[in-house]
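Welcome, and please take a moment to turn the model around before reading on. The paragraphs below will walk you through it step by step.

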Amino acid sequence: VDLPAVDILQPDVMYNGGVCRTLAVAQLAAERGHQVMPHAANQSMLQIFTLHLVAALPNAVPFMEFSIEDRRRTDILYSPQPQIVGGKTAFPTGPGWGITVNPDWIAGAECRVSRL
């Protein structure tokens, strides 16, 4: 962050270990005069987490990364899916993250338990 290598930082909510750690990176960037746009390169719930995070950042740029990948595999994860209309998307308005995780997807998910 101290090197003059970037103008906009792109921390990833999942790679950074969650919203709190990504907020810390955004704060560090703000203290040094940098803007932030978290990296959200796939069609998972990462986009929802990133939408919420961006709403809380005073130094976020006014745009967001959305993948153009095939959504058939991820459209079943939750609803409603963000829809891009005229280059914009609505902020999720439901309780919590603003989406509902598909109970059929959860029921069919594989669960692994490791024991130490």
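What follows is a short tour of salt bridges, cysteines, a helix residue and pockets.

Please keep in mind that this is a predicted model. Let us begin with charged side chains. Side chains of opposite charge can pair when their charged atoms come close. In this structure there are 3 salt bridges. One of them links arginine 32 to aspartate 2, with 2.4 Å between the closest N and O atoms. Arginine 32 sits in the loop between helix 1 (19–31) and strand 2 (35–36), while aspartate 2 belongs to the segment before strand 1 (8–9), so this pair ties together parts that are 30 residues apart in sequence. Arginine 32 also meets glutamate 31 in a salt bridge, at 3.7 Å from N to O.

Through shared partners, the salt bridges join Asp2, Glu31 and Arg32 into one network. Elsewhere, arginine 112 pairs with glutamate 110, the closest N and O atoms lying 2.6 Å apart. Both arginine 112 and glutamate 110 are exposed.

Now for the cysteines. A disulfide is a covalent bond between the sulfur atoms of two cysteines. How many disulfides does the structure hold? The number is 0. Cysteine 20 is exposed, with a relative accessible area of 66%, and cysteine 111 is exposed too, with 67%.

Next, find valine 54 in helix 2, which covers residues 46–56. Setting aside residues up to four places away in sequence, valine 54 touches Met37, Pro38 and Ala60. Valine 19 is 35 residues from valine 54 in sequence, and the C-alpha atoms of the two are 10 Å apart in space.

Finally, look at the empty space. Rolling a probe the size of a water molecule over the atoms shows where empty space is left. The largest pocket holds about 290 Å³. Its lining has 15 residues, and Leu51, Pro62, Phe63, Met64 and Thr89 are the ones nearest its centre. By class, the lining of the largest pocket has 12 nonpolar residues, 2 polar and 1 charged. The second largest pocket has a volume of about 150 Å³. Of the 13 residues that line the second largest pocket, Pro80, Gln81, Pro82, Ala90 and Pro92 lie nearest its centre. This second lining has 8 nonpolar and 5 polar residues, with no charged ones.

Conventions:
Residues numbered from 1 in each chain as written. Predicted model: local features only at pLDDT ≥ 70, side-chain atom pairs only at ≥ 80, totals over all residues. Heavy atoms only, no water. Disulfide = S-S within 2.5 Å. Buried < 20%, exposed > 50% of the residue type's maximum accessible area, 1.4 Å probe, protein only. 1 Å grid on protein atoms, 1.4 Å probe; cavity = no way out; pocket = protein on both sides within 12 Å on 5 of 7 lines; lining within 4 Å. Points joined across faces, edges and corners; volume = space filled by probe spheres on them. Nonpolar A, V, L, I, M, F, W, Y, C, P; charged D, E, K, R; others polar. Helix = DSSP H or I, 4+ residues; strand = E, 2+ residues; numbered from the N terminus. Contact = heavy atoms within 4.5 Å. Salt bridge = Lys/Arg side-chain N within 4 Å of Asp/Glu carboxyl O.
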